[in-house]
Amino acid sequence: MMRVLLTSNTTTTLSLSFPPSPKPQAPSRLGPNSIDWARKALIGALGGALSLGLLVSSPSSLAIESSSSYAPSVPAQPEFCREEKGDVIAEAGGSERVVTNEGIVEEAWEIVNDSFLDTGGRSWLPENWKMKKEDIRTSSIKTRSKAHDMIKRMLASLGDPYTRFLSPDEFSKMARYDMSGIGINLREVPGDNGDVKVKVLGLLLDGPAHAAGVRQGDEILAVNGVDVKGKSAFEVSSSIQGPNKTFVTIKVKHGNCGPIQSIDVQRQLVARTPVFYRLEQIENGTRSVGYLRLKEFNALARKDLVIAMKRLQDMGASVFILDLRDNRGGLAQAGIEIAKLFLNEGEKVIYTVGKDPRYQQNIVADTAPLVKAPVIVLVNNNTASPSEIVASALHDNCKGVLVGDRTFGKGLIQSVFELQDGSGVVVTVGKYVTPNHKDINGNGIEPDYRNFPGWSDISQQLSQCSILPRG
């Protein structure tokens with residue numbers, strides 16, 4: 001079966017120095033508490049655990065383990081509840097589909113044909129791409145490595161630096177990305193009744209969850225006694241997080257049909273908090289400013305930013321500075337969720353545009369804002385990807401002003417599709433458009449001010465913005 005992950009590439013890592021900022025007191029650091037191609041099933045471009053983390057999969061083995069390591073006693077199940085095992089895909093009626101070299105190459109071709117979005121104005125033409133399918137059908141591909149080489153050449157012909165091939169080992173490592181703190185990566189899959197289930201996509205062997213008894217394909221039913229029905233994989237992962245060495249209780253359903261079990265798992269967080277904060281007193285102590293530095297959008301970003309903002313509010317902050325300079329990306333879903341913290345319910349966070357209608361979304365805030373104070377967002381040439389989502393959402397909804405330099409301009413969405421042999425292809429499937437309908441990719445976001453403005457200028461800017469019609 002096919003597995004799909006949506007991601008948003010970060011820009012190339014650079015050696016950078018942060019512009020200096022005043023330090024009247026030591027900053028606080030938060031602790032880490034916190035395919036049959038025609039049958040593909042996509043659950044909305046922004047609904048999962050990874051960066052734009054759509055994860056769609058069958059529970060085929062991803063973490064390599066002996067079948068004897070987990071063998072619950074399960075009685076014979078009716079047709080609708082059969083488990084899927086191994087690498088061979090069973091079709092209805094008992095037949096098995098043979099994985100061929102030519103079939104793998106053609107599968108990659110179909111994925112690109114259906115989903116690739118040419119965002120760079122390159123010379124790629126759909127008719128030229130269709131000719132490549134005839135080349136596949138007339139070729140005899142004798143080895144798996146030659147099949148992979150053919151896929152690499154096909155993808156290179158698109159002229160898109162982000163569309164590329166992943167070996168089985170590279171795909172497996174990506175799918176085992178851990179943002180839960182217990183060694184699992186979650187995904188969303190459609191249920192039989194039109195609902196959405198959260199299941200274990202990747203599992204770190206000998207990680208906390210694996211050692212406690214969680215297995216590939218398990219469905220997460222509850223976390224610490226709270227039902228997760230209706231929650232996204234990102235939300236469930238966030239609820240699993242907590243202080244290092246503490247325990248979390250997760251209720252799981254093993255496989256598609258297996259028993260339900262509550263399992264205590266000890267957290268072992270590797271991710272470090274990306275949030276630093278302090279309270280600044282300015283204007284002879286008459287104004288308190290909450291300074292927030294967000295270094296990256298990792299699994300802890302939203303939770304730790306919420307804690308920092310609440311603490312600063314309790315300390316009397318009446319305005320906030322959100323420093324996104326040199327923040328080059330991370331989890332795009334974290335960026336979306338952080339932007340929502342500042343927006344009124346119903347206000348637009350970002351648009352996604354894609355060739356496939358399933359990648360076309362209008363994402364809006366669904367709750368009241370955490371803070372209503374004005375926000376000054378610091379940006380520079382290395383503010384990219386999720387940082388640009390946050391900056392544009394606050395700017396276009398008149399919640400903040402941007403100060404600094406034009407942002408990087410990385411606004412593409414990539415999907416990672418698993419092929420039948422466990423390899424994968426990363427394909428550009430969409431792009432971000434700001435609430436005011438400006439294309440981020442290649443353009444970046446122009447700041448309101450190059451240098452820090454006066455407080456009266458900020459108030460006037462936000463006041464004028466709020467009375468103008470918005471996208």
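A crossing is called left-handed if the near helix is turned anticlockwise from the far one by less than a right angle, and right-handed if clockwise. What you see is a predicted model, in which local features need pLDDT of at least 70, side-chain atom pairs count only at pLDDT 80 or more, and totals for chains, interfaces and linings use all residues. Residues are numbered from 1 along each chain as its sequence is written, and side-chain values use heavy atoms, with hydrogens and water left out.

I turn to the helix pair. Helices are DSSP runs (H or I, at least four residues) and strands likewise (E, at least two), numbered from the N terminus. The crossing of α1 and α3 is right-handed. Contact, meaning heavy atoms within 4.5 Å, involves Asn101, Ile104, Val105, Ala108, Trp109 and Val112 on the α1 side, and Arg144, Ala147, Met150, Ile151, Met154 and Leu155 on the α3 side.

Next, two loop residues with positive phi. In general, most residues other than glycine have a negative phi. Asparagine 224, in the loop between β9 and β10 (226-227), has a positive phi of about 50°. With a relative accessible area of 44%, asparagine 224 is partly exposed; buried means under 20%, exposed over 50%, and partly exposed in between, using a 1.4 Å probe and protein chains only. Cysteine 398 lies in the loop between α9 (386-396) and β19 (400-404), and its phi is near 60°. Is cysteine 398 buried or exposed? At 11% relative accessibility, cysteine 398 counts as buried.
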